[in-house]
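Biologist: Hi, could you walk me through this model? I have some questions ready.
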Amino acid sequence: MSASAFVQLVPDLVRGMKVLDREKFLRNLSVPVLKVKEENLSKITSICKGYFLKLEVFKPVQSIEDDETGIYKKYIHLNPEKVTQFADIAEGDRRALCQLDVTEKNFDNRKIQLTYDNYKVEVIFKAVLPEDDISVSGFSQIGHIIHLNLKDHLLEYRFIIGEVLLDKIKTCRTVVNKNNIIDNTFRNFSMEVIAGEEDFFVTVKENRCIFQFDFSKVYWNPRLGKEHERILGFLKPDDVLFDVFCGVGPFAVPAAKRKTKVFANDLNPDSYKWLNHNAKYNKLNVSFFKSYNQDGKDFICTVFKDYLIDLYKGNETLQGKIHITMNLPAMAVEFLKYFNGLLKDECLAEKFNHEILVYVYCFVNGTNPVDVAKKKVNENIGCDISNDIVDIFDVRNVSPKKEMMRITFRLTKEVLFSVNEEPPCKKVCV
């Protein structure tokens, strides 16, 4: 049954409730039932399944305790939004039931009592929050924490929302509401505990690895699990990955686990701390994993640059490809300029023979996200690389007019060895 239909079964007096009163959800009502014998029960229930009254902690098929005739053994509870009389059952289903000796004489009504425990979380929200309002949607679960981003008009209901989620989602021990947009250097945000324990240490599983971190100090989005998996599918054991904004390691740790050589970097000291914790926890071979706590610019202009120089001088060996992930969608494209003219030695240019793939993420507003994403990349890298763009992928919808896009392109010799009047990276004199 849909939430809108279910709300008919919830008492009206819970509308606008701001302090959870479970007793107010009690309701006695009469629902349609079919009284049936024990024989052919599985066939009968198979026909009736589409008409079941589906509630939390409620069995649609129940034993009859008080039938004086002793003929009928089971009640099949039907959804009152679909069935009020036997004739409401589709003709084909009625014929099939009649062949099993279930006819209109089996149809009856039975009184039941519904409680708070019988309603799903979305039904309770639909019943409690203002009518025709946008209900609570799109919450995330990270370990034992449920993370909300409530609109301003729902803030006065936040404590009842938190308590309902705590009740209904058994693996949840903490409910938090984000207080501000992620716009700071370290991509974390202040949050308010609206229900449960103030415990931010979480353990999550993704791509056959276990990640642990303090959710109040680092960034983690469970909706990106599929995207992490897609990128990992592009990596081979002979490849190298440079993860410029690695966070706690959702790309880096499983890649190194699969024996791709990984250089992982994050500016946030807490992300760097948990990155190394997760590397150790997942027992990564240190020969496949190196971590850095640098600004993205410095990581590109030192670690990545030095690797390329060593590679083309013969100090490094590489059988596969070089991959660069840049998952900081609010500003990652701004770091593309540091690839332009990164290398100066013309002798090294002659030895350039490895494929370098960059996966850069950005937020895009507007009706043509692909064109906007392509324009952002070209403008920020400082030249037209349209012919080297391999793929533009819509990762997820962030809001009604905002998409998270991934642009995959080949980083070519022409870009890396281009001549700029002003070098993109200036060395600090000590």
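Modeller: Happy to! One term to begin with: buried means under 20% relative accessible area, exposed means over 50%, and partly exposed is in between (1.4 Å probe, protein chains only). Also, this is a predicted model, where local features need pLDDT of at least 70 and side-chain atom pairs count only at pLDDT 80 or more, while totals for chains, interfaces and linings use all residues. Residues are numbered from 1 along each chain as its sequence is written, and side-chain values use heavy atoms, with hydrogens and water left out.

Biologist: Great. Is glycine 296 buried or exposed?
Modeller: Glycine 296 is buried, at a relative accessible area of 4%. It lies in helix 9 (residues 296–313); helices (H or I, at least four residues) and strands (E, at least two) are DSSP runs, numbered from the N terminus.

Biologist: And what is glycine 296 in contact with?
Modeller: Val244, Phe245, Asn265 and Phe335, leaving aside neighbours within four places in sequence. Contact means heavy atoms within 4.5 Å.

Biologist: Which residues does the UniProt "binding site" annotation cover?
Modeller: The unreviewed entry lists His228, Asp266, Leu267, Asp295, Gly296 and Asn327. UniProt positions are given in the numbering used here, feature names are shortened, and annotations may be inferred rather than shown by experiment.

Biologist: Where is histidine 228 found?
Modeller: In helix 6 (residues 225–234). Histidine 228 is buried, with a relative accessible area of 3%. Beyond its neighbours within four places in sequence, histidine 228 is in contact with Glu206, Asn207, Pro250, Phe251 and Asn327.

Biologist: Which side chain makes a polar contact with the side chain of histidine 228?
Modeller: That of glutamate 206, at 2.6 Å. A polar contact is a pair of N or O atoms within 3.5 Å; within protein, one must be able to donate a hydrogen and the other to accept it, and residues adjacent in sequence count only if both atoms are side-chain atoms.

Biologist: New topic: how many residues has the largest nonpolar core?
Modeller: It has 49 residues, and those with the most contacts inside it are Phe304, Ile324 and Met326. Helix 9 gives the most to this core, with nine residues. A nonpolar core is a set of buried Ala, Val, Leu, Ile, Met, Phe, Trp, Tyr and Cys residues joined through side-chain atoms within 4.5 Å.

Biologist: What does isoleucine 324 touch, for instance?
Modeller: Setting aside neighbours within four places in sequence, its contacts include Phe242, Val244, Phe304 and Ile356.

Biologist: Why is strand 17 largely enclosed?
Modeller: Seven of the nine residues of strand 17 (residues 402–410) are buried, so the rest of the structure largely encloses this strand. Nine bridges join strand 15 (residues 356–365) to strand 17 in an antiparallel run, and tyrosine 361 stands opposite arginine 406. Strands pair if DSSP finds at least two bridges between them.

Biologist: How many bridges join strand 16 to strand 17?
Modeller: Eight, again antiparallel, with strand 16 spanning residues 389–399. The two strands form a hairpin with two residues between them, and asparagine 397 has glutamate 403 as its bridge partner.

Biologist: Last one: what order do the strands take in the open sheet of four?
Modeller: The order is 5-6-7-8, with mixed pairing. Its edge strands are strand 5 (140–142) and strand 8 (191–196), each pairing on one side only. Strand 5 pairs with strand 6 (residues 145–148) in the antiparallel sense over three bridges, and isoleucine 142 stands opposite isoleucine 145.
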